[in-house]
Amino acid sequence: MEFKSLCVLGLGYIGLPTASTFATHGLQVIGVDISERVVGMLRSGDVHIHEPGLRTLVQAAFRSGNLEVNRSPRPADAFVIAVPTPILDDKRADMRAVVAAAESISPHLRAGNLVVLESTSPPRTTLDVVAPILGRTGLRAGVDFHLAYSPERVLPGQILRELIENARVIGGITPACAEAGRDLYSLFVRGEIVLTDATTAEMVKLMENTYRDVNIALANEFGRLAERLGVDVWEAIALANLHPRVDILKPGPGVGGHCISIDPWFLVEAAPDLSPLIDQARRVNDGQPAHVAQRIENALGGLRGRAVAALGLAYKPDVDDLRQSPAVEVVHRLVAGGAQVRTWEPYAPTASVPGAEAASSLEAALAGADALLLLVDHRTFRQLEAAYAATLMRGRVAFDTRGAWRPSVWQAAGFQLVRLGVGERPVEGRHA
Ligand code: SAJ
């Protein structure tokens, strides 16, 4: 199939890079977002998302004359749905944005079009949710128009490169639909393009993120065991990973972001009786902020009135994204326990947590603090000099939830360095 025009619904972390990349590869692209703010910002040359290289790409797409942004869709040869699929309070998928996007395409759908769902979705969404909505037009999915599911798999922070280089799975509701999807994505994808059916493609996406969540939960549980047993889990994981068939991820204050902390629930929702391990892994990771807050309380001998400088609020290093961030949850808990928390997030300096003070700089966060808490291992924080921190702080307790700081350096600067996943080593276990 040959495509001249494309309509991308949802201009977020995935939709905006996707729309811009297609535009710079020659397609006439209409990017659609229901948010007036997002459309207004993009039209005035601004970008509402922090992602390395994105601003340059969006500007190039506009300059090419191939990208337009709008609040509603227009007819096109292909439609890509890249809207959010969060979870509701009861951990079920909130599919309202996907439903609304499919409904907004319907008036513009023509015979021969291709519709691709990219939003992470519970298994069978393409067949059971999207196909019936579009089918109400009288056009039949898989017969009169092509319908496929193709998961995005890009890593925030490296989206632009991974969009092009990663392997792409395209699941069609018929083989011809998958082939139409390949014709579209081969315009820019340099990684392998693999065709399958729609439900397999949906499942693949959920399996990838669930695999990572379960692996991190295991690391977090190893961390708790290590604390009890007097072991340094960071050392133990590094040694275990020397085994050629072992690759344990890292413990931390929990799992955040809009993907890994959410997607496994879609599998649990599909069949709770068959997914106790996935369910439990989610609970272990969600329990991690409480565990971290408890350990800090123990280290400080209580939280009330203690001045804590919390470094980082993002959900992971070197991004500005605070969604589902465990760092925010830890700060909440410290505030609830009576601590006076000052936060510093260099990628989102105005970000604040209720009850905590958003400092205006690293120095302002550290000034007079009793304790220093590393929640996100942004590059600048990994490089923080203990001796410098000591000149600004009142107390000498540092708590590292990311295994980022060298104990010898911090101890030499007079700090008591408490590390997540590290227990007091029993005397008899200590090597000379
Ligand atoms: N984390 C740990 N320990 C680790 C690794 C990560 O605690 O060893 C935490 C991070 O701090 C963060 C969370 O897990 O809070 C998730 O971060 P991440 O870097 O593992 O993943 P995301 O959510 O940024 O991106 C994931 C990626 N999926 C996989 O690697 C399988 C990405 O490829 C997906 O495209 C993305 O989800 C998505 O959009 O689904």
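Author: Lys316 has a polar side-chain atom 2.9 Å from an oxygen atom of the ligand, a polar contact being a pair of N or O atoms within 3.5 Å. This is a predicted model, where local features need pLDDT of at least 70, side-chain atom pairs count only at pLDDT 80 or more, and totals for chains, interfaces and linings use all residues. Residues are numbered from 1 along each chain as its sequence is written, and side-chain values use heavy atoms, without hydrogens and water.

Reader: What lies 2.5 Å from an oxygen atom of the ligand?

Author: A polar side-chain atom of Glu152 does. The side chain of Lys205 also has an N or O atom 2.5 Å from a ligand oxygen.

Reader: Which domains give residues to the shell around the ligand?

Author: Domain 1 (5–205) and domain 2 (288–419) both do, so the ligand lies between them. The domain bounds come from an automatic or database assignment.

Reader: And which helix gives the largest share?

Author: Helix H8 (residues 198–229), with five residues. Helices are DSSP runs (H or I, at least four residues), numbered from the N terminus.

Technical notes. A polar contact is a pair of N or O atoms within 3.5 Å; within protein, one must be able to donate a hydrogen and the other to accept it, and residues adjacent in sequence count only if both atoms are side-chain atoms. Helices (H or I, at least four residues) and strands (E, at least two) are DSSP runs, numbered from the N terminus.
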